[in-house]
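Here are some exercises to work through with the model open beside you. Try each task before reading its solution.

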Amino acid sequence: MILFEVKNLVKHFGGLAAVNNVSFQVEKGEIFGLIGPNGSGKTTIFNCISSYFPVTGGNIYFKDQKITGMKTNKICKIGIGRTFQVVKPLGRLSVLDNVIAAAFSKVQTKHEARDVAMETMEFCGLLHRKDVIARSLPIGERKRLEITRAMATRPELLLLDETAAGLNPTELEGAIDLIKRIRDKGITIIIVEHIMKVIMTISDRIHAINFGQTIAEGVPKEVSNNKAVIEAYLGEDYAQG
Amino acid sequence: MEVFLQTLVAGILKGGLYGLIGLGMSLIMGVMGIINLAHGQLMMVAMYITFVLSHYLGIDPYLSLFVSMPALFLLGVVIQKYTLNPLMEVDSILPENQVLMTVGIGMVLTEIARFIFTSDYKSVRTSYSDATFFLGEISFSIALVIAFFIAIGFTLFMFWFLLKTDIGRSIRATAQDKDAALLMGVNSKRITVITFGLGSALVAAAGTVLMPVYYLFPDIGGPFTRKAFVITILGGLGSTVGAIFGGLTLGLAEAFGATYIGMAYDDMIGLLIFILVLLFLPGGFKRLTKI
Amino acid sequence: MKKFMPLILLIILIIFPLVYQNAYYQHLMILVFIWVAIGSGWNMIAGFTGQVSFGDAAFFGTGAYTAGLLAHHFGISAWWGMAFGGIMAMAVAFPFGWICFRLRGAYFALASLALNEVCRHIATIAEPLTQGMVGILIMPTFVSKIPYYYIALALAVVSVISVQFIMQTKWGYYFLSIREDQDAAESLGIDTHRYKMVSLNIAAFLTGMAGALFMNYMGFIDPEVVFSLHDISIMAILVGIVGGVGTIYGPAVGAFVMVAVHEFFRTGFFGFFKGLAVLTGSDFLNIAAKYISHAHVLGFGILVVLVILYLPNGIVGDWNKLVGKLVPFKKKEAAT
């Protein structure tokens, strides 16, 4: 079953095409990887999906409903959660309050929101840090807070933007484990990632773009053997690990 | 038709001065990202300097530019260095604490002026204050024409300065991207200090050349601060070219408003423009021209 | 103990006018209470939601004029203005916020400043309605200050409690999220435009009520008084920042301090300079006393500068830092 679809997405900045006619479909329950070299338009696609800026052309569908141009907060309400590449914690609030604020998107009372928050923090392994002020968290835990917060909005589809970047090996293992557990809950995931090890191990399918255009799509093995992909991107990075 | 042309001329002359006022504010806005709500008050200080020089020492207002501009440059430097720059390190919940600081500084300047000069109206009367010449049926106030050309002169000089000198380039770089400029070796603190000084000196020039045809009292700063921010917003926050167009627009709007609607609405017109811009042209003229 | 402090304070405030029947201090306390309400409103939109308003006088004045005009034109008791004043202030806040919150950054702060000026101009120009600069005069309801005292106290308590309550609910969390990071807030399903509007309207309502009470209490208003940039809008900011931005009790502390400072200047350091002038017979001191009594705006300006520089989180927010600075010995003892 197709949960999510991007059709002929185009985004211009001034005269520059950051995303040019990209289309893909995401099945319910899969982990869908989006790869491409720096500046190839991955984050732009995320920002188009969550409507941070209007698209120039094309359409986006979620559960057969057209969501192009829907307000950002509405996108979250209908079940698409996201994290930011450059983390955006609610700095002066505690971790718990960060997650409670997110939990309110599906529940109304403080009591319920707190329950949802505690449950989500436990699931994401951040419970022991609940009283820490968000901006004093180290980068690894800030990234985890991003995921926790997005999870507290009870999404059906989760957009992860470079959640593994900047993590040390132990944290990386933890992140991979968490993403898998999220998938096991039945939540569909689209992940943008730079670290090949992560994306190749966890993705069910991968969509590769370069200069805002699709160059390949398929299971990890196919994509990693695709000539265009190797040329554009993997050639250097995959070799380095 | 005659009235129309006369109004047009008055508006353009006024607009040139407003452009100069707006230019200083836009520079500060561009580099520091803050609206300087003490801008009119700085102008007021320059006007008092001009008044004192003329009244007690008999120095011609135009000559006093050589005193008022450096003095205000220094005042601007001191304000930036000792009150605004330290705020960069202060952690505050309020994002607008620098703007708030300028409000406080404006209040202090106004009240000190009141302390020294009382609330009485002052003016500088020169031989050319009321002199006019005619082109056809249209009368030109000589002092306003001189003020206009001095304003244009300073504006052109500023553009040359921003485009051709090292400091000017650093200022533009800082305005575009603070972090990148920092990486390129621009001392951003020094640049903010210089920018605030320049902005203050520019508005000082406007105040000084306005003195022969205007009157002065401590509270004159407030209305001019409001005009300055209307100009800045009209021009697009931080755009120097936009500030010139913003100034001309406000000057013309005020002139036509005064002629065809009524003098009492002078101040309202600026605010009305402000609201219209917010509604229909957020981003000001910069949006239209991409300057 | 700390938990009961507000309650103890409240009891003291309730018995204060009964025990100490001094009209002057009752008057000052009424002003403090009015400022608690205004400060709580300002703190709601600026301190908790992060949208700094420079134009609280627009709401205050609207409230005051609503009460005054109802009494003046229709002979309705100005007390009705307490309810209508808040609602009218919201009627001003609604279209204003709807327009200005579509833009980010300094726009709101500047627009609120402009709103302040627009309201003052309208009140001045619309003479048939407002009597312009002549102002509105109504007959006070009570001769004694005590009824006003309790009404003002009630308003202050209601303001503080309602802010405290709201900050515990979804709205409160949403306000804080908007203050901390607007993009993050949107991604968490928060309609930032809508909740800024909610916050602004709460602020406007509290401020409008305070304005209406001011009308009732003072019996006279004119555009320069209630739409004053310095005496209302800037004072509201000062109450907020001196007390502590984004704290529940900050506005209460700030209101007390600021009314005291205002009075301090108005009376020439509580008559200190005047007394000194009489004592020494010095003309200079006499003139100085006269100046100082008019210098409260200068005092406010200096206070703005100092507070932002050295006490950015206010008395409540920086309490620990403040105590540490004032009592350096205590700290040293604790360290050894």
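**Exercise 1. Describe the pairing of strand β2 (residues 132-135) of chain B with strand β3 (residues 138-141) of chain B.**

Step 1. These two strands of chain B are antiparallel and share four bridges; strands are DSSP runs of E of at least two residues, helices are runs of H or I of at least four, and both are numbered from the N terminus. Strands count as paired if DSSP finds at least two bridges between them.

Step 2. Now the turn: the hairpin of β2(B) and β3(B) has two residues between the strands, and G136(B) has a positive phi near 65 degrees.

A word on the source before going on. This is a predicted model, in which local features need pLDDT of at least 70 and side-chain atom pairs count only at pLDDT 80 or more, while totals for chains, interfaces and linings use all residues. Residues are numbered from 1 along each chain as its sequence is written, and chains are lettered from A and ligands numbered from 1 in the order in which they are written.

**Exercise 2. Work out how helix α5 (residues 142-164) of chain B packs on helix α8 (residues 188-210) of chain B.**

Step 1. Two packed helices are described by the angle between their axes and the distance between the axes.

Step 2. The axes of α5(B) and α8(B) come within 9 Å and cross at roughly 170 degrees. Axes are lines fitted to C-alpha atoms, for helices over the stretch in contact, with angles from 0 to 180 degrees between N-to-C directions.

Step 3. The crossing therefore makes α5(B) roughly antiparallel to α8(B), the term for angles over 145 degrees.

Step 4. On α5(B), the contact is made by A147(B), I150(B), A151(B), F154(B) and M158(B), and on α8(B) by L202(B), A205(B), A206(B), V209(B) and L210(B). Residues are in contact if their C-beta atoms, placed from the backbone, lie within 7 Å.

Step 5. By class, this contact has 10 nonpolar, no polar and no charged residues. Here Ala, Val, Leu, Ile, Met, Phe, Trp, Tyr, Cys and Pro are nonpolar, Asp, Glu, Lys and Arg are charged, and the others, Gly among them, are polar.

Step 6. Beyond its neighbours within four places in sequence, A206(B) is in contact with L17(B), L20(B), I21(B), M43(B) and A151(B).

**Exercise 3. Find which strands stand at the edges of the six-stranded open sheet of chain A.**

Step 1. The strand order is β6-β7-β8-β3-β9-β10, with mixed pairing.

Step 2. β6 (80-82) and β10 (213-218) of chain A each have a single partner strand, so they stand at the edges with one side lacking a neighbour in the sheet.

Step 3. β6(A) runs parallel to β7 (residues 157-161) of chain A, joined by three bridges; G81(A) stands opposite L158(A).

Step 4. From one strand to the next, the twist averages 20 degrees.

**Exercise 4. Compare the contacts between the chains.**

Step 1. Among the two pairs of chains that touch, B and C have the most contacts, with 35 residues of chain C meeting 34 residues of chain B. The chain C side has 27 nonpolar, seven polar and one charged residues.

Step 2. 21 residues of chain A are in contact with 17 residues of chain C, and the chain A side divides into seven nonpolar, seven polar and seven charged.

Step 3. No contact joins chain A and chain B, whose closest C-alpha atoms lie 9 Å apart.

Notes
Angles under 35 degrees count as roughly parallel, over 145 as roughly antiparallel, 65 to 115 as roughly perpendicular and the rest as oblique.
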